[in-house]
Amino acid sequence: MISVTGLVQGVGFRPFVYRLARKYNLKGWVVNRTDGLSIKIEGPSSVIPSFIEDLKNTAPMVSQVEEIKVLKAKIEGLSDFVILASLDNSEETSEISPDIAVCPECLADMKMQSNRINYPFINCTHCGPRFTIIQDFPYDRKKTTMAPFIMCDQCREEYKNIMDRRFHAQPVACNQCGPVYTLHTPDHEFHDFMEILQETSSIIATGGILAVKGTGGFHLMCDAQNEEAVSRLRTSKKREGKPFAVMFRDVESVKQFIALSEEEEKALISWMRPIVILKSLNQPAYSISSGLNTMGVFLPYMPWHYLFFEKSGLPAVVLTSGNLAGEPILIDNKQALALMPGVADGVLTYNRDIYNRTDDSVVRIMGGRECVVRRSRGFVPSAVKIHLDVRGILATEAELSNSFCLGKRNRAYLSQFIGDLKNQETMAFFEETVARFLKIFRIQPSMVAADLHPDYLSTRYARTLGLELIEVQHHHAHVASCMAENRLDEPVIGLAFDGSGYGDDGNTWGSEFLVCDYHGYTRQNHFAYMPMPGGDRAAEEPWRMGLSLLYQAFGDQLYDLDIPLLKAMDLKKARLITEAIAKSINTPLTSGAGRLFDAVSGITGICVNSVFHAEAPMKLESAIRCDIRDFYDFSLVPEISFIPAIRQICRDLQQGVTPDIISSRFHNTIVEASFQAVQKINRDTGIKKIILTGGTFQNKYLFESLERKLRKNNFATFSHEKIPCNDGGLALGQLVVAAVKRS
Ligand code: ZN
Ligand code: ZN
Ligand code: FE
């Protein structure tokens with residue numbers, strides 16, 4: 001008897017085992033169980049080791065075998081090798097595969113197989129939709145949104161033929177029997193697929209906008225090289241400056257705009273097909289990234305994407321999530337139809353439901369490694385295996401870019417990216433997804449972990465569950481998340497840099513140097529507190545933090561400065577703000593690294609008014625020149641103060657030093673100050689393991705420079721790869737802290 005655990009269902013593992021058994025002429029059976037796979041084999045003992053070797057080493061690309069256990073069993077004298085029907089035999093479940101980009105064999109079949117010529121829902125056991133169509137477990141067609149489609153004779157033959165690549169491929173379908181597209185335009189409905197291809201190509205080629213149903217939700221699409229279309233999409237989506245993702249026809253087309261590193265190319269063509277954030281000075285249209293020197297790029301992953309590019313001949317299209325600002329991505333055909341005519345000139349739907357909504361995932365290559373920044377399609381719901389028993393714990397995360405986490409034995413299941421819970425629809429999506437995860441993974445929670453912030457909607461939700469509640473400090477959770485991902489369990493120096501998190505002194509934290517383990521933390525240092533004029537509004541309006549830092553540096557003399565921020569401002573309004581700071585009216589204190597970056601972005605005039613989340617720090621990062629090595633002054637005690645740097649920045653500005661040089665020097669200052677602060681903590685504690693976590697470390701320059709500097713000085717640094725460093729990975733940290741408190 002062989003038991004296999006890991007991601008082995010819905011990935012063609014059983015037929016793979018069957019073919020292996022045939023290769024070695026073994027008898028027996030294989031069965032899907034909710035906790036993995038069981039295999040019984042009978043045959044000459046000489047070939048069994050090779051069978052097990054092959055089982056480990058030649059498994060399907062998407063599967064992730066965690067453990068293979070071999071036990072001796074009674075010989076029954078079986079005469080054949082068979083695949084048995086699934087047993088729903090325990091409360092334990094195995095892994096569910098994420099959605100997989102269409103595979104090369106299927107793309108070839110789309111040109112050759114008579115029943116699948118140009119069939120846009122072609123798939124096989126190696127590719128196609130999974131998580132997005134699964135309603136329950138174990139994974140079988142009747143528990144997916146493919147259930148209403150009755151297989152035709154030909155598909156059934158393939159489905160039943162063990163030697164066929166579509167053997168037991170649950171979403172198997174063809175032109176005769178499977179889902180179909182419909183194109184809706186204001187005056188017509190198209191059902192013929194070739195007409196649909198023609199029509200969609202001409203709508204996009206003539207500058208139109210389409211809503212297109214994707215794997216995990218609707219996209220809005222337009223020609224990436226048509227400046228007018230891109231701007232119109234921006235206006236109609238009410239998405240002022242936030243960068244759009246661009247899907248290119250193929251790697252060659254990407255290379256016409258961007259020099260790709262090996263790692264970037266690998267990420268682009270991986271079966272997860274994430275959006276990869278790439279440096280690109282040359283973009284198809286200016287308003288794609290409006291002034292940023294990066295662009296989110298991805299490649300086709302649905303058969304329709306390939307057919308569309310082939311038909312239209314375009315090199316690139318903007319493909320952005322089809323939602324209105326703040327709301328979750330649309331999955332419902334009827335709701336999508338309402339996008340026409342205001343937002344879209346046509347809506348392309350298909351008649352299979354999306355059950356689990358997913359956004360496109362986003363990755364960035366940092367320090368030569370692929371780091372997930374937004375974790376959704378292609379990654380969810382893969383488990384994160386950790387070294388602690390986290391069973392029965394639900395962690396609800398924070399609020400702005402929520403994704404929760406559920407524990408089962410030593411696995412953490414992070415949900416897909418949910419979004420900002422302050423939006424009502426998003427909150428409903430959150431609650432619905434929690435319920436679905438509990439059901440699919442057969443988890444009965446006994447404990448809930450939440451953020452220390454009393455007003456976060458996720459914390460309030462946690463309180464309503466009537467379970468034992470553990471509240472975890474935000475930055476402690478960030479560090480714990482990174483420790484868990486790296487399977488560390490010892491005291492570390494954790495640097496958690498982000499925009500904001502509730503501190504245990506009631507202030508807003510966000511540049512924390514913690515010495516901690518899972519049990520607790522001590523706050524060793526942080527960036528000095530800055531008044532946040534107007535409270536939360538300061539996070540949206542960088543000029544507010546700019547004034548705050550200027551006031552700290554110069555007092556009322558700031559008005560004598562000749563700098564871009566003051567030129568861009570209504571001085572009467574500015575004076576009201578500095579008076580409020582002087583009198584401490586509505587000016588809560590923050591140590592948020594994000595706010596310091598906002599301030600410098602504002603002072604230098606790089607971003608005085610921001611229109612989307614984190615625009616000011618992103619633009620500041622975009623301005624960096626890598627050949628600048630020097631840095632400004634700062635002080636390390638009692639906290640890390642950058643007021644000396646602010647004074648030098650203003651001096652530079654008045655002497656005509658350009659913002660790109662100032663931005664570089666400022667970033668170098670943060671690196672140098674952080675490094676020196678770490679050195680001091682190391683002298684006091686002897687700890688050499690350093691964690692770099694928090695959303696601020698999405699800043700590639702900052703992350704790579706600090707990592708390099710620490711490593712050069714013999715520190716061991718740890719950061720995130722599979723889990724976002726931003727709040728999207730926070731729930732994992734809450735989960736492990738709660739687990740340790742329980743035991
Ligand atoms: Zn395939
Ligand atoms: Zn068929
Ligand atoms: Fe955070």
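What follows is a conversation about a predicted model and the terms used to describe it.

Colleague: What should I know about the numbering and the cut-offs first?

Modeller: Residues count from 1 along each chain as its sequence is written, while chains are lettered from A and ligands numbered from 1 in the order in which they are written. In this predicted model local features need pLDDT of at least 70, side-chain atom pairs count only at pLDDT 80 or more, totals for chains, interfaces and linings use all residues, and side-chain values use heavy atoms, with hydrogens and water left out.

Colleague: What makes a residue a donor of the zinc ion (ligand 1), and which residues are the protein donors?

Modeller: Donors are N, O and S atoms within 2.8 Å of the metal (3.2 Å for Na, K and Ca); water is not among the atoms, so sites may look incomplete. The SG atoms of Cys 103, Cys 106, Cys 124 and Cys 127 lie 2.3 to 2.4 Å from the zinc ion (ligand 1) and are its protein donors. Along the chain they follow the spacing C-x2-C-x17-C-x2-C.

Colleague: Why is the site of the zinc ion (ligand 1) called tetrahedral?

Modeller: Four donors count as tetrahedral if all angles lie between 85 and 135 degrees; four count as square planar and six as octahedral if opposite donors are over 155 degrees apart and all others between 65 and 115; anything else is irregular. The 4 donor atoms of the zinc ion (ligand 1) make angles of 104 to 119°, so the site is tetrahedral.

Colleague: Which parts of the chain do Cys 103 and Cys 127 tie together?

Modeller: Cys 103 is in the loop between β5 (81–83) and α3 (104–112), and Cys 127 is in the loop between α3 and α4 (153–160), so the pair ties together parts that are 24 residues apart in sequence. Helices (H or I, at least four residues) and strands (E, at least two) are DSSP runs, numbered from the N terminus.

Colleague: How do you know whether Cys 103 and Cys 127 are buried or exposed?

Modeller: Buried means under 20% relative accessible area, exposed over 50%, partly exposed in between (1.4 Å probe, protein chains only). Cys 103 has 6% and is therefore buried; Cys 127, with 0%, is buried too.

Colleague: What makes the site of the zinc ion (ligand 2) tetrahedral?

Modeller: Its protein donors are the SG atoms of Cys 152, Cys 155, Cys 174 and Cys 177, lying 2.2 to 2.3 Å from the ion. The angles among the 4 donor atoms are 100 to 119°, so the site of the zinc ion (ligand 2) is tetrahedral. The spacing of these donors is C-x2-C-x18-C-x2-C. Cys 152 lies in the loop between α3 and α4 and Cys 174 in the loop between α4 and β6 (181–185), so this pair ties together parts that are 22 residues apart in sequence. Cys 152 is buried at 15% relative accessible area, and Cys 174 is buried at 0%.

Colleague: What is said of Arg 409?

Modeller: Phi of Arg 409 is near 50°, again positive in a residue other than glycine. Arg 409 is in the loop between β19 and β20 and, with a relative accessible area of 25%, is partly exposed.

Colleague: How do you know that β19 and β20 pair?

Modeller: Two strands pair if DSSP finds at least two bridges between them. Strand β19 (residues 405–408) and strand β20 (residues 411–414) have 4 bridges, so they count as paired, in the antiparallel sense. Gly 407 has Ala 412 in β20 as its bridge partner.

Colleague: Why are β17 and β22 called edge strands?

Modeller: The open sheet has 6 strands in the order β17-β20-β19-β18-β21-β22, with mixed pairing. β17 (383–385) and β22 (468–472) each pair on one side only, and are the edge strands.
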